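Please keep the sequence and the coordinates in view while reading.

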Amino acid sequence: MQIHRLRQLLSVERVLGPAPGPAAGTAGAAASADWSRRVRAVVERLARAGSSTLVATADGPPEESDGFVRERLLFDSPARGGFRAAVLAPAGTGPLPAVLVLGGRNARLDQLTGAEPPDHPDRDVAAHLARAGFLTLALDPGIDGGLDPDRLAGRDGGIVLAHAFALRGHSLLGALLGDALAALEWLRGHPRAAPGRTGLFGHSLGVAVALHTALLAPEPPPVCAAGHLGSYPALFARLLTGFEGAVLPGILDAAGRTVLTPVNTFFATAAAAVRAGARVRFVDVELDGLGMDPGALRRALDGERDVAAVVPVHIGGGVSPALETLLEECREHGVPVLEDAAHAFGSTLDGRAAGPFGRFGAFSFFPTKAATSGEGGLLTGARAGDLAAARLWRDHGRSPTDPGRHDRPGGNWRMGEPAAAVGTVGLERFGTALAARRAAAARYDGLLAGMGGLRPFPVPKASGSNFYKYLAYLGDGVDRAALKARLRERHGVALAGEVYDTLLCDQPFFRGPADAPGAFPRARWFAGRHVALPLYPSLTEAEQFRVAAALRSELR
Ligand SMILES: *Cc1c(COP(=O)(O)O)cnc(C)c1O
């Protein structure tokens, strides 16, 4: 198995961060409930098991011998076609505790049920359980044996199958897990299954299936595990089991998945996701802080099968208080947040700087932005591994220790020395520039108070904007294009560019039938109504008077 694929597979834990340590009292209980919910959400998302019902067909008549009944079944699985299963139980009619038996990858059904002599001591686990008085349902993992040995050409059948699932954007474990969940429900509905007394037995690969099944089952059943317990890294790095069919894929890859972005943002926010192979779904904004609308976001998270990331944008430099709900929602769904903080260098929410709210924060230092290096930008992230990965992507995937080695298709996203020099000087002056922007914004607030036809956007109290843009709404019936033309021609006042006047769903690249004309009502209202007043650190008080006077005279 290639090392980079292994790393990808093992990246799951990084989505979750460390588990909460033992803490006493209700806070500890709440933290661990929160942790469980997040683990469940992540596993559900990565497994893509979906809910299904297994339909059983009898594969021959039931047999009764030596005090046991044996039924051979064929289940029809949505993920992997038909697979065989067998019920084995003590003869009789009374209710019995039930066990779903999930064998190892080489287990053969007839060996699990003892119909054939086991090749391995205790492989006949269903027979042992039936003798102990359990109703058992054993599933055939069906991993080996189905592939033509000539075409395998000596390769391991299980790994070939795992790769075949991966090529379709799914995982073998996800498929086995989906089948096991449905089989568990089938077993719980068996006429002889005692209500509330169903458990799971797993051996080897079956342990991985059993643990994931127990995690996602509606009423978590008890699990008996005969095999290695532990994290994916323990399984792979330390125990070297090497079978990638036994893990769910990680999240580094956005290809074929969905990224949620606001519909009101710069083209680059969504184009970056497209370039990573993702499908973009747009989300409406909220008008209090101009963030992503929490209700619309929740509907998108619930409605999409596989969200790779959510990318909020701090539009105009304000970090919306709704970001808190967004972060919470994404935590619950196990989806990473990447902040597009291109507008928000120096901005805060409740005193905390924009950028580190998400797993990554991306700032632009393009010349029009609040901080600039001419070209280039800045990426923030809290995890050393993430930052090391970003450094590799930045420089053609080149290894920092062995410049001749490349393990990923990075690009030339380096900042050149001249730009870095410009940026360094800019950063030294940034505090002064930010203070000047904020002072100018406060002056506008005073100058525009009570003006007819124009209402400054009320920046929420918690949001410490850098005033990349000073936004205001035009009154009903004011024609923005005509107003801007008159301000320029009659007064020599040029308003700044809107953020933005065209929604991404209306851009030629993204325009499609999926977005109905009435979609995104709030973003559409905002896009059509707002203006951005001239604001930059060297703007003088006299110039602001002129801007206000020009507006007053044109909006009369
Ligand atoms: C400017 C901007 C970008 C792109 O920044 P570059 O430095 O040109 O890559 C991305 N997102 C938003 C919201 C922007 O305003």
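Which residues form a nonpolar patch on the surface? In this predicted model, the patch is made up of Leu211, Val223 and Leu229, which together have about 240 Å² of accessible area. Leu211 belongs to helix α9, which spans residues 205-216. With a relative accessible area of 35%, Leu211 is partly exposed, because that class covers values between 20% and 50%.

The largest nonpolar core contains 46 residues, and Phe75, Leu100, Leu102, Leu135, Leu137 and Leu139 have the most contacts inside it. Helix α8 (residues 172-188) contributes the largest share of this core, namely 11 residues. A second, separate core comprises 28 residues, among them Met292, Val307, Leu326 and Val337. Within the largest core, Leu135 is one of the residues with the most contacts. Leaving out residues up to four places away in sequence, Leu135 touches a set that includes Val87, Leu88, Leu96, Pro97, Val99, Leu187 and His190.

Val307, a member of the second core, is also among the residues in contact with Thr258. Thr258 lies in strand β9, residues 258-262. Is Thr258 buried or exposed? Its relative accessibility is 5%, so Thr258 counts as buried, the limit for that class being under 20%. The side chain of Thr258 makes a polar contact of 3.2 Å with the side chain of Glu304. Beyond its neighbours within four places in sequence, Thr258 is also in contact with Arg279, Arg281, Asp306, Ala308 and Ala309, among others.

Phe366 is located in the loop between β15 (360-364) and β16 (377-381) and, at 36% relative accessibility, counts as partly exposed. Not counting residues up to four places away in sequence, Phe366 touches Ala371, Thr372, Gly374, Glu375 and Gly376. Phe366 and Ala342 are separated by 24 residues in sequence, while their C-alpha atoms are 8.8 Å apart in space.

The backbone also shows particular features in loops. Leu290, although not a glycine, has a positive phi of about 65°; Leu290 lies between β10 (279-283) and α12 (294-303) and is buried, with a relative accessible area of 5%. His396 likewise has a positive phi, near 55°, without being a glycine. His396 is found in the loop between α14 (384-394) and α15 (417-448), and its relative accessible area of 32% makes His396 partly exposed. Finally, the peptide bond from Val499 to Tyr500 is cis, with omega near 0°, and Tyr500 is situated in the loop between α16 (480-491) and α17 (521-529).

Terms used: Residues numbered from 1 in each chain as written. Predicted model: local features only at pLDDT ≥ 70, side-chain atom pairs only at ≥ 80, totals over all residues. Heavy atoms only, no water. Helix = DSSP H or I, 4+ residues; strand = E, 2+ residues; numbered from the N terminus. Buried < 20%, exposed > 50% of the residue type's maximum accessible area, 1.4 Å probe, protein only. Polar contact = N/O pair within 3.5 Å; in protein donor to acceptor, adjacent residues only side chain to side chain. Contact = heavy atoms within 4.5 Å. Patch = residues over 30% accessible without salt bridge, like charges linked within 9 Å, V, L, I, M, F, W, Y side chains within 5 Å. Areas by Shrake-Rupley, 256 points an atom, 1.4 Å probe, with all protein chains shown as cover. Salt bridge = Lys/Arg side-chain N within 4 Å of Asp/Glu carboxyl O. Core = buried A, V, L, I, M, F, W, Y, C linked by side-chain atoms within 4.5 Å.
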